[in-house]
Amino acid sequence: MRIVLDINTLLSAFFWRGLPRAVFDRVADGFDTLFITGDIIDEIESVIKRPKFDGKEDRKEALVADIRKYGQKASVSPQHRAAGACRDAADDKILECALAAKADCIITGDKDLLVLKAYNGIKIMTAKEYLDTVTPA
């Protein structure tokens, strides 16, 4: 499947593991294709500089390296703009990435995205909902 993971799901996959890690492992194992944009990478690199992530240099490096390795770059153009589509404007970049990538779904734990349920035919679901719908890897 063609998927987009929001920033918190990506962070969770590397720092807290659990279901978000199981989703990322599907990408690493070639079952799914992860799409990212420069804006998503920029935000991740900014967030992991926060004191909350101090002392976790190995995981920060692995996160950025694996996202660059496994993430396919989606090119957002003006027709993919989603300004105002989400009640949290910061999440519009996730919707835009999904549109540009022609993603099957967005995987998130963010209530501002989950409340949409779908966007332009792209399903929005939690990691658990996603893993419940796909064939086990």
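Modeller: Let us begin at a loop: Asn120 lies between S5 and S6. Please bear in mind throughout that this is a predicted model.

Colleague: Is Asn120 buried or exposed?

Modeller: Asn120 sits in the loop between S5 and S6, and its phi is positive, about 50°, although it is not a glycine. Exposed means over 50% relative accessible area. At 60% relative accessibility, Asn120 therefore counts as exposed.

Colleague: Where is Lys117 found, and what is its relative accessibility?

Modeller: Lys117 is not a glycine, yet it has a positive phi of about 65°. It is found in the loop between helix H6 (111-114) and strand S5 (118-119). Lys117 counts as exposed, its relative accessibility being 63%.

Colleague: Which residues does Ile122 touch, not counting those up to four places away in sequence?

Modeller: Ile122 lies in strand S6, which covers residues 122-125. Its relative accessibility is 5%, so Ile122 counts as buried. Beyond four places in sequence, the residues it touches are Ala98, Leu99, Ala103, Asp104, Cys105, Ile106 and Lys117.

Colleague: What separation do the C-alpha atoms of Ile122 and Ala103 have?

Modeller: Ala103 is among the residues that Ile122 touches. Along the chain the two are 19 residues apart, and their C-alpha atoms are separated by 6.5 Å.

Colleague: How many residues of helix H5 are buried?

Modeller: Helix H5 spans residues 92-101 and is mostly covered. Its buried residues include Asp92, Lys93 and Glu96, together with Ile94, Leu95 and Cys97. Also buried in H5 are Ala98, Leu99, Ala100 and Ala101. The count for H5 is thus ten of its ten residues.

Colleague: Which residue follows H5, with a positive phi?

Modeller: H5 runs over residues 92-101. The residue that follows H5 has a phi near 55°, and it is Lys102.

Colleague: How many helices and strands are there in the protein chain, and what pattern do they follow along the sequence?

Modeller: The protein chain contains seven helices and six strands. Read along the sequence, they follow the pattern β-α-α-β-α-α-β-α-β-α-β-β-α.

Colleague: Why can the protein chain be called as compact as a globular protein of its length?

Modeller: The globule rule gives 14 Å for 137 residues. The radius of gyration of the protein chain is close to that value, so the chain is as compact as a globular protein of that length. Along the principal axes, its C-alpha atoms fill a box of roughly 40 × 35 × 25 Å. The radius of gyration asked about is 14 Å.

Colleague: How far apart are the mean positions of the positive and negative charges?

Modeller: The protein chain has 21 positive and 22 negative charges.

Colleague: How many aromatic pairs does the structure hold, and what is the geometry of Trp16 and Phe53?

Modeller: The structure holds five aromatic pairs. The rings of Trp16 and Phe53 have centres 6.0 Å apart and planes at 65°, so this pair is edge-to-face. It links distant parts of the chain, 37 residues apart: Trp16 is in the loop between helix H1 (7-15) and helix H2 (18-28), and Phe53 in the loop between helix H3 (38-47) and helix H4 (57-70). Trp16 is partly exposed at 47% relative accessible area, whereas Phe53 is buried at 2%.

Colleague: What geometry do the rings of Phe24 and Tyr70 have, and which residues do ring pairs link into a cluster?

Modeller: The ring centres of Phe24 and Tyr70 are 6.0 Å apart with planes at 80°, so the pair is edge-to-face. It joins helix H2, which holds Phe24, to helix H4, which holds Tyr70, 46 residues apart. Phe24 counts as buried at 0% relative accessibility, and Tyr70 as partly exposed at 23%. The cluster linked by ring pairs is Phe14, Phe24 and Tyr70.

Colleague: Which residues is Ser12 in contact with, leaving aside its neighbours within four places in sequence?

Modeller: Ser12 is found in helix H1 and counts as partly exposed, at 23% relative accessibility. With those neighbours left aside, its contacts are Arg17 and Pro20.

Note on methods
Residues are numbered from 1 along each chain as its sequence is written. This is a predicted model: local features need pLDDT of at least 70, side-chain atom pairs count only at pLDDT 80 or more; totals for chains, interfaces and linings use all residues. Side-chain values use heavy atoms; hydrogens and water are left out. Helices (H or I, at least four residues) and strands (E, at least two) are DSSP runs, numbered from the N terminus. The radius of gyration is taken over C-alpha atoms; the globule rule is 2.2 Å times the number of residues to the power 0.38. Lys and Arg count as positive and Asp and Glu as negative; His and the chain ends are not counted. The place of a charge is taken as NZ of Lys, CZ of Arg, CG of Asp or CD of Glu. Rings of Phe, Tyr and Trp (its six-membered ring) pair if their centres lie within 6.5 Å; planes under 30 degrees apart count as stacked, over 60 as edge-to-face and the rest as tilted. Buried means under 20% relative accessible area, exposed over 50%, partly exposed in between (1.4 Å probe, protein chains only). Contact means heavy atoms within 4.5 Å.
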